[in-house]
Amino acid sequence: VNPPRLARTILRVLTPRADREHLLDDVDEAFEGMSDRPAAARTWYWRQAAGAAAVAVRRLVQRAGMRAFRGGAFWRGVRLDVIQAARSLARARGFTLLAVCSLGIGLGAATSLYGALRVVLLDDVALERPHELRMLFWAARADLPVSQQNSSGWGDPATKRAYRSNVSHPTFTALKQTNPDGVAGFNFLPSLTVEAPASPALSVSGLIVSGNAFRVLGIPMRAGRGLTDEDDGPDAMPVAVLTHAFWTRLGRDPGILGTTIRVNGSPFTVAGITAESFRGLSTGGRNTPLADVIVPLAAHPAVWAAESQSLLGATHVLWIRVMQRIDEPASEPARLGAMKARLTASLVETGVLSAREATEVEAVFRPGDRGVDPIAEGARTPMRALSAVVAAVLLVACVNLAALLLARGLGRQREVAIRQAIGAGRGRVIRQLLVESFMLSALGCALGLLLTVWIRPLIASMLSTGFGAPPAPLPVDSKTLVATGALTTLTALVSGLLPALRLTGGGLIDRLRQQMVAASAPRMTLARTLLVLQIAVSIPLLLSAALMLRSVQNLLRVDPGFDAAGLLIVRVDSAAALGQAADRRAPDAMKALLSRILDALEAIPGVDSATVVENPLLSGLSSSNRALIDGVNRSMYVNAVGPGFFETFGIRLVAGRAPGIDDVGGGADVAVINQTAARRYFGGDAPIGRRFTLGARELEVIGVAADSRYYSLRDDVPPTVFDAYLQRGAGRRLLNMVVRSRAARPALESAIRLAVAQVAPRAPVADIRSQGEYVTSLTGRERLLSTLLMVFGLFALALVSAGLYGVTSYAVARRTSEIGVRVALGARREQVLWMVLRSVLSVGAAGLFIGLLLAVWSGRLVEAFLFGLEPNDLPTIAIVAATLLTTTAGAALVPALRATRIDPLVALRRE
Amino acid sequence: VPDLTTLHLLVLVAAGRLGDDAYGVTVQREVTACCGREVSMPAVYAALDRLERLGFVRRRLSEARPERGGRARRCYIVSAAGRRRLESERASALRMWAGLPQHGGHR
C-alpha cells in the first residue's frame, strides 16, 4: 500500500527542510506499521498532512507575532491587516472564490503545460555534449529510385523535393572519411527477439550502429566496453551491448558480460552494459524506439528486418542514418559543405543520381541533441502554438484577476471613505488593500500548485500518442512555478494598487457625499477594457481548438478504401518460430509456417479470413522501391501481401487475380497494382500480363485493385504495387498477420494467442491491435493538439465567464439605486434586463471583433495540421462566435436577472 | 523556568520513558497509547524541536537502517536538564494530585 501522494506532497512542502527527510521517513514507517488496515492508514496519513498545515500556520503566526513585537508598529499593523483581510475575503466569499479559482486555473494550466513543453522541446538524450550533435538530412527529387528502410524525412510540396535521413552503406563509408572521429551511422531496430540464458524469448528493440558510434556519440557505459571499429569489421566476432534498462529486465546479472545471447536466432557475445542514463538515440516512438540491445552495422544480416543478404555493397538500399559531432561551432558550415560534396559524389558514383541531377542535391544539419525525435520534429510547430496558448491562458487569468479586483475596488468607495473619515491614514488604507491582494494571489498560487500536481499525469498521458510507449514522467518545473507565481503576484499588486490609489485620492467629503446621492452608474472603463482583452485573447484559442477538432473529424471520415471494422493485426515473430538462420532462408519452410498459422487463425470461430502483410495499412509503416516500367524509372510504393489479403481487407479487385498461397519463390514473380499505378504508369490500358522491374526483380502484373490508403489519410493514394509475400525471400523477422472477424475482442485475442502458440510454440505474439487503434495512432498528433487546445480553450472560456460574472455582479450591485429609480419611474423588467445584458454583449462583441483579427494571425500556427478545411472556415468561426456570445450572455444572465428583481422601495431606502 | 505546554510535557515524558529508543514514530505511539490523544507527526517534531532548543533533549542519528533505504533515524535522548525538569514536574504533579479526594470528593 502506498501513502496518498497528495498528502505526502503536502507534508513534504510544509515541513522545514532540516526535518523533512526524517519526518517523512518516520511517517512512512508508522504508515507501513498500519498496512493491515489500509483505509485507516490512509486517513491517518491525511491527518498527518493536516497536522503539518496546523503546525506551519502556528509557526508562521508565531514568527510574525514575534517580529511585530521586535520590529515595532509596522509589522504589528501588517498582522492586523492580514487578519482583517482574511475576514473581509471570507465575507466576500463569491468574489474570493472567483478570483482564487481563476488565478489557480491559469497558474496550474500554465505550469503543467510548460512542463510538457520542456519534455517535448528541450530534454536531450544522455550523450556527451549532446548539443554538438547534428543529424544529416539531404534532399533530391522525391521519386528517387531507391529503397528506403526505416527512415525519417519530410517533403517540400513547393519544390517536389524530399528530405531524407538515410544513406546506403557505400555512401556512409564515403561520408565517414570526411571526419572519421566525428561521423557515426546508426539506425533503429524496432523489433528483435532476444534469447538470453535462463530467460524466455523476449521481444525487444535495438540499435544498429557503426563501430565508431560509441566513441563519436559518447554513449556512457556502466560495465564492460562499448562497440569499436574492430567489432564492425567484416570478419569480426558478433558482439552486442545491452542497455541498462534491458539488463535490468534480464535480472541485473553482472555475470552476463562475456556470455552468449541469441538475437533473432544468431549468437552474439555480450561486450558491455550502458549506463542507466542512456535510453537510446531517440525519445521513443514506434519506428524509433528506445534501445535494449546495440549491435554493430556488420551484424545487419542477422538483425535487419528486411534483408537477409549483405547490404554492405548495396548502393540503392538506404538504411543508415548519419550523425556528426561539431566540436567547433565555427567549423559547422565547412563540415556541412564537405559532407554535401562527398554525399553528391557518392550518390553519382553509386548510380543513385545522374550527374545532371547532382547539382540539385542539398544537405542540411538538424540538431541531434534529442537524438532522432519524430515527436519533437512533428511537435515543434504545435508546441510553439501551445506556448502561445500558455501565455494566453496566463494572460487571461491575470487580466481576469485585475478586472475582478478593480470591480471590487469600485464597490468599496463607501467603506474606504468611512475608514478615512474616522482617522485612517491614506498609506494605512492602501496597505490594507494591498495585503488583501497578496493574500488572494497566495491562495491562487496554492490552488495552482495543487492543480499542477493533478493535471500533470493527464498531460503526460495525452503526450504519449503511440501505443505501447509509457508516458514519460513530466517534471514539475520549479522555475516556471516561481516565474508564473511572480507574474500573478505582480498582477495582484498592480491591480490592487490601482483601485487603492483611486479610492483613497481626492476630497473625502466629495466622496462621502457622492455615496449619499443616487450616484450615476460607474462606467468601469478599465475593468470593461480588460474583459474585452480577455475575450479577444481566448478567441484564437477557441477557434484553433474548433478547427483542429473538425480536422480530426474530417480525417477520420476519409474513406480508406478498405473496410477497417473488424480487422485485427497480430504481430508474430517468425525468426523465433523458424529457429535457425539457415532454415529461415528456405521459402518452403516459410510457406509451411504461414499456411499453418493462417489455417489455425481461420479455424477460430468468428474469424472470416486471415492473411499476412508486409506493412499493415495506415500503420505509419510503408516501403517504396524504384521500378523500371517500359524503360522509364519510376518510384512506387510497395507492399508484400499474402494469400487472402484483398478479401480480408475488403479491397475490390478490378481485374485479374490476387497472389495465392502457391505463388512461392521459384515460379514467375507476380504482382497486383492499384488503379492509380495502372492509370499513371501503365497508361490505363490492360496492364494485366505486362512485366516490369521492381528493385532487382522482374514482376508480372496479374491483377488491378481498387485504390486504398496506404501510409497516410491526408495524402492522395500513391501508385502502389502489391507483390506476393511468399516470393519476397523469406528473410522477414516479423509477420503481420491480419484477421477479419465478427467475434468480441478479448475472447478473440486469447483464442489467437492460443492458436499461434499451438502452431509455433517458440514464436512470441508481439502484440495484437485493431485496425482502429492503428488509425487512431496515425492521427495521434492531430488529436493531441486538438485535445490540448480544447482543454485550454475551455479553461479560457471558464475564466472569461467568471470575470464577466464577477464584473457584472458588481456593476449591478453598484447600480442598485439607479435601477430602483428607473423601475420606480416605470421601467419594465425586460427593459432592465436588456440594459444590463446590452452592456455585457457590447463587451463581448468588441472582444469578438479584436479576437477574430488575432485569429487571422494565429490560424497560421495550426494551418499545417488542418485537413479538409481552411483556417478561415466560416461555419467554424460562426460556431465559435455563437459559443462566445452565448457564454457572455449566460455569465451575465444571473446578475441581470438579479437586477430585474430589484424592489424600488428597498433600493431607495438604502440611500 | 521556561513554560511547557501539555503536549511538550507529554512528549518529554514519552522520550524519558523510551530511553534509547525515542524517535518520531515511538514518541507519537507512546503519547497516543498512554493518553488516547491523537498527535500528528509534525506536531511531535515541533515539540521535540522546542524541547531541544530548551536543552531538555539532545538529538543523535542512529546507525543506517536497511528498511529505510539506508538512512538513519533521528533519535532523541533526554538530557540532564531534561531529567531534572521531569523530576520536578513529577514531584509537583504528585504533590498536586495527592490532595485530590477520590471520586471528586462527593461521597
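Trainee: What is the relative accessible area of Glu700(A), and does that make the residue buried, partly exposed or exposed?

Mentor: Glu700(A) has a relative accessible area of 22%, so it is partly exposed. Buried means under 20%, exposed over 50%, partly exposed in between (1.4 Å probe, protein chains only). A word on the basis: this is a predicted model, where local features need pLDDT of at least 70 and side-chain atom pairs pLDDT 80 or more, while totals for chains, interfaces and linings use all residues. Residues are numbered from 1 along each chain as written, chains are lettered from A and ligands numbered from 1 in written order, and side-chain values use heavy atoms, without hydrogens or water.

Glu700(A) has a salt-bridge partner. Its side chain meets that of Arg691(A) at 3.3 Å, N to O. The rule asks for a side-chain nitrogen of Lys or Arg within 4 Å of a carboxyl oxygen of Asp or Glu. Arg691(A) is partly exposed too, at 41% relative accessibility.

Now the other bridges. Over all chains there are 29 salt bridges. One of them joins Glu132(A) to Arg129(A), at 2.9 Å, N to O. Here Glu132(A) is buried, at 9% relative accessibility. Arg129(A) is partly exposed, at 39%. Another joins Arg742(A) to Asp608(A), at 2.7 Å, N to O. This pair links distant parts of the chain, 134 residues apart. Arg742(A) sits in the loop between β25 (734-741) and α22 (745-759), and Asp608(A) in strand β17 (residues 607-613). Helices (H or I, at least four residues) and strands (E, at least two) are DSSP runs, numbered from the N terminus. Arg742(A) is exposed, at 65% relative accessibility. Asp608(A) is partly exposed, at 39%. Salt bridges also form a network of Arg745(A), Glu749(A), Arg769(A) and Glu773(A).

Next, the rings. There are 10 aromatic pairs over all chains. Rings of Phe, Tyr and Trp (its six-membered ring) pair if their centres lie within 6.5 Å; planes under 30 degrees apart count as stacked, over 60 as edge-to-face, the rest as tilted. Phe31(A) and Tyr45(A) are edge-to-face, at 5.2 Å centre to centre and 90 degrees between the planes. Phe31(A) lies in helix α2 (residues 17-33) of chain A, Tyr45(A) in helix α3 (residues 38-71) of chain A, 14 residues apart. Both Phe31(A) and Tyr45(A) are buried. Phe682(A) and Phe692(A) have ring centres 5.6 Å apart and planes at 75 degrees, so they are edge-to-face. Phe682(A) is in the loop between α21 (675-681) and β22 (691-694), and Phe692(A) is in strand β22, so the pair ties together parts 10 residues apart in sequence. Both of these Phe residues are buried. Phe562(A), Phe645(A), Phe646(A), Phe649(A) and Phe722(A) are linked by ring pairs into a cluster.

Last, chain B. Its contact with chain A involves 18 residues of chain B and 18 residues of chain A. Contact means heavy atoms within 4.5 Å. There are 3 salt bridges between the two chains. One of the cross-chain bridges pairs Asp19(A) with Arg74(B), at 2.8 Å, N to O. On chain B, α2 (24-35), α3 (41-53) and β2 (71-78) each supply at least two residues of the side that touches chain A. The largest share, 5 residues, comes from α3(B).
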